[in-house]
Amino acid sequence: MTWRIYIANELTEARLSKILLELNGHEEAEIILPNRAEYRELVSSDTTVEIYWNETLVFQGLLMSVEYYFNYL
């Protein structure tokens, strides 16, 4: 069983940090990506994110913000 994270319909090497589900319906996911040129380009605009557990879609939303670190985004 594995997590698969797609950004702009591309399978990525992202790792799932957490998914937050609030009572008012707000959902938020935190993912970690390697800090490489192709991922910096992907996260530069509001694009779609889909997170699957095996074949089940568990999160779908927009990539809205990014924090840049030396080794990861």
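**Entry 1: the tryptophans**

I began with Trp-3, which counts as partly exposed at 42% relative accessibility (I call a residue buried under 20% relative accessible area, exposed over 50% and partly exposed in between, with a 1.4 Å probe and protein chains only). I note that this is a predicted model, in which local features need pLDDT of at least 70 and side-chain atom pairs count only at pLDDT 80 or more, while totals for chains, interfaces and linings use all residues. I number residues from 1 along each chain as its sequence is written, and side-chain values use heavy atoms, with hydrogens and water left out.

I then looked for aromatic pairs (rings of Phe, Tyr and Trp, the last by its six-membered ring, with centres within 6.5 Å; planes under 30 degrees apart are stacked, over 60 edge-to-face and the rest tilted), and the count came to three. The ring centres of Trp-3 and Trp-53 lie 4.9 Å apart with the planes at 55°, so I logged this pair as tilted. Trp-3 belongs to strand 1 and Trp-53 to strand 5, so the pair ties together parts 50 residues apart in sequence (strands are DSSP runs of E, at least two residues, and helices are runs of H or I, at least four, numbered from the N terminus). Trp-53 is partly exposed as well, with a relative accessible area of 29%.

I found Tyr-6 and Tyr-52 in an edge-to-face pair, 5.7 Å centre to centre and with 80° between the planes. Tyr-6 lies in strand 1 and Tyr-52 in strand 5, so this pair ties together parts 46 residues apart in sequence. Tyr-52 counts as buried at 19% relative accessibility, and the charged end of Arg-4 sits over its ring, 5.2 Å from the centre (the rule asks for NZ of Lys or CZ of Arg within 6 Å of the ring centre and within 35 degrees of the ring normal).

I traced an open sheet of four strands in the order 2-1-5-6, with antiparallel pairing (two strands pair if DSSP finds at least two bridges between them). Its edge strands are strand 2 (10-11) and strand 6 (56-63), each pairing on one side only. Strand 1 (residues 3-7) and strand 5 (residues 47-53) are joined by five bridges, and Ile-7 stands opposite Val-49 in strand 5.

**Entry 2: salt bridges**

I searched the whole structure for salt bridges (a side-chain nitrogen of Lys or Arg within 4 Å of a carboxyl oxygen of Asp or Glu) and found four. One of them joins Arg-4 and Glu-55 at 3.6 Å, N to O, and links strand 1 with the loop between strand 5 and strand 6, 51 residues apart. Glu-55 counts as exposed at 68%. Arg-36 and Glu-38 meet at 3.0 Å, N to O, and together with Glu-13 they are linked in a network of salt bridges.

**Entry 3: Thr-12**

Is Thr-12 buried or exposed? I read a relative accessible area of 11%, so Thr-12 is buried, and its place is in the loop between strand 2 and strand 3 (15-21). Its side chain reaches the backbone oxygen of Ile-5 at 2.8 Å and the backbone nitrogen of Ala-14 at 3.3 Å. Leaving out residues up to four places away in sequence, Thr-12 touches Ile-5, Ile-7, Leu-33, Tyr-39 and Leu-42 (contact means heavy atoms within 4.5 Å).

Note on methods. A polar contact is a pair of N or O atoms within 3.5 Å; within protein, one must be able to donate a hydrogen and the other to accept it, and residues adjacent in sequence count only if both atoms are side-chain atoms.
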